[in-house]
Amino acid sequence: MTTVLGIREVSEHTGLSIDTLRWYEREGLIPLVERTPTGRRSYPPAALRSIRLVQALRRTGMPVADVRHFVQLGEGRLEHHPTRMALLESQRRSIERQVDQLHEDLAVLTAKIDQYRDLIARGLDCEDEHADRVVGSGEEDARDLAGLRGPATPGRGRGRTSLRSTP
């Protein structure tokens with residue numbers, strides 16, 4: 001006998017609210033949802049795996065229409081495999097671009113944190129007029145990582161500077 005889960009158990013396993021699961025079903029994002037004779041939703045193990053895939057696709061930014069298209073093509077028909085594979089590969093490339101961008105953003109933040117730690121250790125205010133012109137090893141590296149090349153220009157407010165980034 002195959003173990004089936006009710007909507008509350010699926011909610012607990014996936015972290016999705018019951019309302020979200022119902023919405024996913026209405027939107028055609030969840031296949032294999034059956035009903036018991038009393039009308040309760042009944043999710044076989046395959047439905048739970050599908051929901052987890054849908055969650056991953058949505059968390060990584062795949063539009064609902066594309067997720068729906070992917071799910072609708074999943075009726076076990078061999079001729080749909082290339083299209084489904086193409087959708088997944090496209091999403092993977094998108095995720096890889098996001099990860100690359102996050103690595104770049106992390107480097108910028110890390111450089112700024114390092115700069116602030118250095119300023120604080122030397123007793124300088126992070127908003128000091130000369131804060132962005134720290135003399136010492138690593139300044140150019142930090143500015144390059146942060147994408148903040150170019151001369152400092154007067155910013156708004158007294159005693160502050162801002163950096164122009166180059167295109």
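Predicted model: local features only at pLDDT ≥ 70, side-chain atom pairs only at ≥ 80, totals over all residues.
**View 1. The whole protein, before zooming in.** The protein has 6 helices and 4 strands; helices (H or I, at least four residues) and strands (E, at least two) are DSSP runs, numbered from the N terminus. Along the sequence, they follow the pattern α-α-β-β-α-α-α-α-β-β. Of the 167 residues, 27% count as buried. Here buried means under 20% relative accessible area, exposed means over 50%, and partly exposed lies in between (1.4 Å probe, protein chains only). Look also at contacts, meaning heavy atoms within 4.5 Å: among those between residues at least 6 apart in sequence, 39% join residues at least 24 apart.

View 2. I7, V10, S11 and T14 are the buried residues of α1. Seen down the helix axis, they fall within an arc of 105°, so they line one face of α1; the arc is that of the directions from the helix axis to the C-beta atoms. Their cover includes α2, β2 (41–42) and α3. After α1 comes G15, with a positive phi near 80°.

**View 3. The largest nonpolar core.** A nonpolar core is a set of buried Ala, Val, Leu, Ile, Met, Phe, Trp, Tyr and Cys residues joined through side-chain atoms within 4.5 Å. The largest one here has 23 residues, and V10, L21, I30, Y43, I51 and V67 have the most contacts inside it. At least two residues of this core come from each of α1 (7–14), α2 (18–26), α3 (45–59) and α4 (64–72). The most come from α3, with 5 residues. Zoom in on I51: leaving out residues up to four places away in sequence, I51 touches V10, T14, L16, L21, I30 and Y43.

View 4. Rings of Phe, Tyr and Trp (its six-membered ring) pair if their centres lie within 6.5 Å; planes under 30 degrees apart count as stacked, over 60 as edge-to-face and the rest as tilted. This rule gives 1 aromatic pair. The ring centres of W23 and Y24 are 5.9 Å apart with planes at 55°, so the pair is tilted. W23 is partly exposed, at 32% relative accessible area, whereas Y24 is buried, at 8%. Elsewhere, the charged end of R84 sits over the ring of F70, 3.8 Å from the ring centre. That description applies if NZ of Lys or CZ of Arg is within 6 Å of the ring centre and within 35 degrees of the ring normal.

**View 5. Helix α5 from end to end.** Helix α5 has 41 residues (81–121) and should span 60 Å at 1.5 Å a residue; its end C-alpha atoms are 58 Å apart, which agrees. The expected span is 1.5 Å times one less than the number of residues. Buried in α5 are L87, Q91, S94, A111, Q115 and L119. G123 follows α5, with a positive phi near 75°.

**View 6. R35 and its neighbours.** R35 is found in strand β1 (residues 34–35) and is partly exposed, with a relative accessible area of 45%. Not counting residues up to four places away in sequence, R35 touches E25, R40 and R41.

Notes. Residues numbered from 1 in each chain as written. Heavy atoms only, no water.
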